[in-house]
Amino acid sequence: MLLLNVHHTAIAVENLDESIDSFRSQYGVEPLYREIVKSQGVEEAMIPVGGSHVQLLQPLDLDTPVGRFLERRGEGLHHIAFQVADIDSALTHLGRQGARLIDAEPRVGGGGHRIAFLHPQVFGGTLVELVEVK
Ligand code: CO
């Protein structure tokens with residue numbers, strides 16, 4: 001299994017507009033795209049940082065995973081996403097290693113990429129996402 005890149009680092013935010021504005025004013029960068037991902041209960045913005053990205057996540061309402069995260073812990077690091085070449089074989093490999101998978105099968109995430117989440121137990125208490133870039 002090959003980890004190609006840190007595809008993005010995701011930060012949960014209360015207000016996506018304000019967070020985009022602060023990236024714009026502090027670093028002079030614009031999001032590559034902004035998208036509502038209903039299946040994950042978020043609106044997200046992908047901000048380019050060198051060869052990687054910062055993903056800003058604002059929950060669509062309080063009763064979503066990111067909404068509950070904000071309520072519990074406030075704004076901050078939500079997950080880290082590793083880019084893999086082949087997400088199916090990565091999940092098979094990790095399953096064989098006994099890793100706890102949140103998604104046994106990939107689903108379609110922001111940007112139309114295939115993604116899957118691993119339980120925070122797998123990696124130092126940090127929620128990990130695998131991304132296969134289409
Ligand atoms: Co993500």
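Modeller: Happy to! Helix 2 (65-73) and strand 5 (76-84) each contribute at least two residues to the lining of the largest pocket. Please keep in mind that this is a predicted model. Between those elements, helix 2 is the one to look at for the pocket, as it gives the most to the lining, with 5 residues. The pocket itself has a volume of about 430 Å³. Its lining is made up of 19 residues, and those closest to the centre are P65, F69, H78, H79 and L127. Sorted by class, the pocket lining holds 10 nonpolar, 6 polar and 3 charged residues.

Searching the whole structure for cavities of 30 Å³ or more turns up 1. The space in the largest cavity comes to about 80 Å³. Around the cavity there are 16 lining residues, with H8, E44, Q55, G110 and E129 the closest to its centre. Here the lining draws on strands: strand 1 (3-12), strand 3 (42-49), strand 4 (52-59), strand 7 (114-118) and strand 8 (128-132) each supply at least two residues. By class, the cavity lining has 6 nonpolar, 8 polar and 2 charged residues.

Methods. Residues numbered from 1 in each chain as written. Predicted model: local features only at pLDDT ≥ 70, side-chain atom pairs only at ≥ 80, totals over all residues. Heavy atoms only, no water. 1 Å grid on protein atoms, 1.4 Å probe; cavity = no way out; pocket = protein on both sides within 12 Å on 5 of 7 lines; lining within 4 Å. Points joined across faces, edges and corners; volume = space filled by probe spheres on them. Helix = DSSP H or I, 4+ residues; strand = E, 2+ residues; numbered from the N terminus. Nonpolar A, V, L, I, M, F, W, Y, C, P; charged D, E, K, R; others polar.
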